[in-house]
Amino acid sequence: MKKRFIRILILSVFALIIAGGIAAYQIYKEENQTPNFVTAKNFGGPFTLVNQENKKVTEKDFENQWRLIYFGFTYCPAICPTELQKMTGVLNDLDDQADDITPIFISVDPERDTTDVIKNYISLFHPRLVGLTGSEEQVNQAKKSYKIFAAKVKDDTMTEYTVDHSSFIYFMNPDNDLVRIFRIEDSAEEMIKVIKSALSSYTAT
Ligand code: NI
């Protein structure tokens, strides 16, 4: 009886040690995993828009470039400026490493976001920020290509309409893969960590 009890006790202790070992290994693995996974291969699609200099641009102009892409609108009271500010801060903190990354702002409000409005607006953020707008059809095509939701909202209490829209910062690599979608809750530190890791582990294909 006593022998059996000891045997069970020893087996239990072994089981605990093994379970603890597995748990520790999983935590170790998670902490050391590079955060550079590709969310979607060959993301995005065709678009034709105009930049802040009123020059026609298509998706081909950004081929083979690292990109941070944000869709929004210049009249957005809070979220767009906050996210673009965060993107700018990230690029500034990355310093030389940011030279390879093209930051892009695409309007979801072509009616009010004319080239001049866009040009003024992007000057508030990163000096290399590209601002794109176009006709309603052109913007709709870009939204479709990048799976962006945006819809005009207006009720009786508003003098001007607003636009409800997805708030994603897309991080894309030169192969057109979507490396990560940064969201409102992702801190600048988290973005920097992911971007550095993606840049350093990237090998051209
Ligand atoms: Ni917004």
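Which loop does Asn176 lie in? Asn176 lies in the loop between strand S8 (169–172) and strand S9 (178–182). I will come back to that residue.

First, the ground rules. This is a predicted model, in which local features need pLDDT of at least 70, side-chain atom pairs count only at pLDDT 80 or more, and totals for chains, interfaces and linings use all residues. Residues are numbered from 1 along each chain as its sequence is written, and side-chain values use heavy atoms, with hydrogens and water left out. Helices (H or I, at least four residues) and strands (E, at least two) are DSSP runs, numbered from the N terminus.

Let me start with a helix pair. Two packed helices are described by the angle between their axes and the distance between the axes. Take helix H2 (residues 79–94) and helix H5 (residues 188–201). Their axes come within 10 Å and cross at roughly 50 degrees. The axes are lines fitted to C-alpha atoms, for helices over the stretch in contact, with angles from 0 to 180 degrees between N-to-C directions. H2 and H5 are therefore oblique to each other. On that scale, angles under 35 degrees are roughly parallel, over 145 roughly antiparallel, 65 to 115 roughly perpendicular, and the rest oblique.

The crossing of H2 past H5 is right-handed.

Who makes the contact, meaning heavy atoms within 4.5 Å? From H2, we have Lys86, Val90, Asp93 and Leu94. From H5, we have Ala188, Met191, Ile192, Ile195 and Lys196. Sorted by class, that contact has six nonpolar, no polar and three charged residues. Here Ala, Val, Leu, Ile, Met, Phe, Trp, Tyr, Cys and Pro count as nonpolar, Asp, Glu, Lys and Arg as charged, and the others, Gly among them, as polar.

Staying with Lys196 for a moment: Gln97 touches Lys196 and Leu199, not counting residues up to four places away in sequence. Gln97 is in the loop between H2 and S4. At 33% relative accessibility, Gln97 counts as partly exposed. The scale is this: buried is under 20% relative accessible area, exposed is over 50%, and partly exposed is in between (1.4 Å probe, protein chains only).

Next, two helices with sides. An α-helix has 3.6 residues a turn, so residues three or four places apart point the same way.

Which residues of helix H4 (residues 136–145) are buried? They are Val139, Ala142, Lys143 and Ser145. They cover an arc of only 165 degrees around the axis, which puts them on the same side of H4. The arc is that of the directions from the helix axis to the C-beta atoms.

Helix H3 (residues 115–122) next. Its buried residues are Thr115, Ile118, Tyr121 and Ile122. They span an arc of only 130 degrees around the axis, which puts them on the same side of H3. Facing away from that side are the exposed residues Asp116 and Asn120. The buried residues of H3 are covered by elements including S1, H2, S4 and strand S5 (130–132).

Thr74 ties in here. Thr74 sits in the loop between S3 and H2, and is buried, with a relative accessible area of 13%. Beyond its neighbours within four places in sequence, Thr74 is in contact with Phe105, Asp113, Val117, Ile118 and Tyr121. Thr74 and Ser107 are 33 residues apart in sequence, yet 7.5 Å apart in space, C-alpha to C-alpha.

Last, backbone angles. Most residues other than glycine have a negative phi, and most peptide bonds are trans. Back to Asn176, then. Asn176 has a positive phi of about 75 degrees although it is not a glycine, and is partly exposed, with a relative accessible area of 21%. Asn64 also has a positive phi, about 60 degrees. Asn64 is in the loop between strand S2 (56–58) and S3, and is exposed at a relative accessible area of 62%. Just after H4, Lys147 takes a positive phi of about 55 degrees.

Terms used
Left-handed = near helix turned anticlockwise from the far one by under 90°. Contact = heavy atoms within 4.5 Å.
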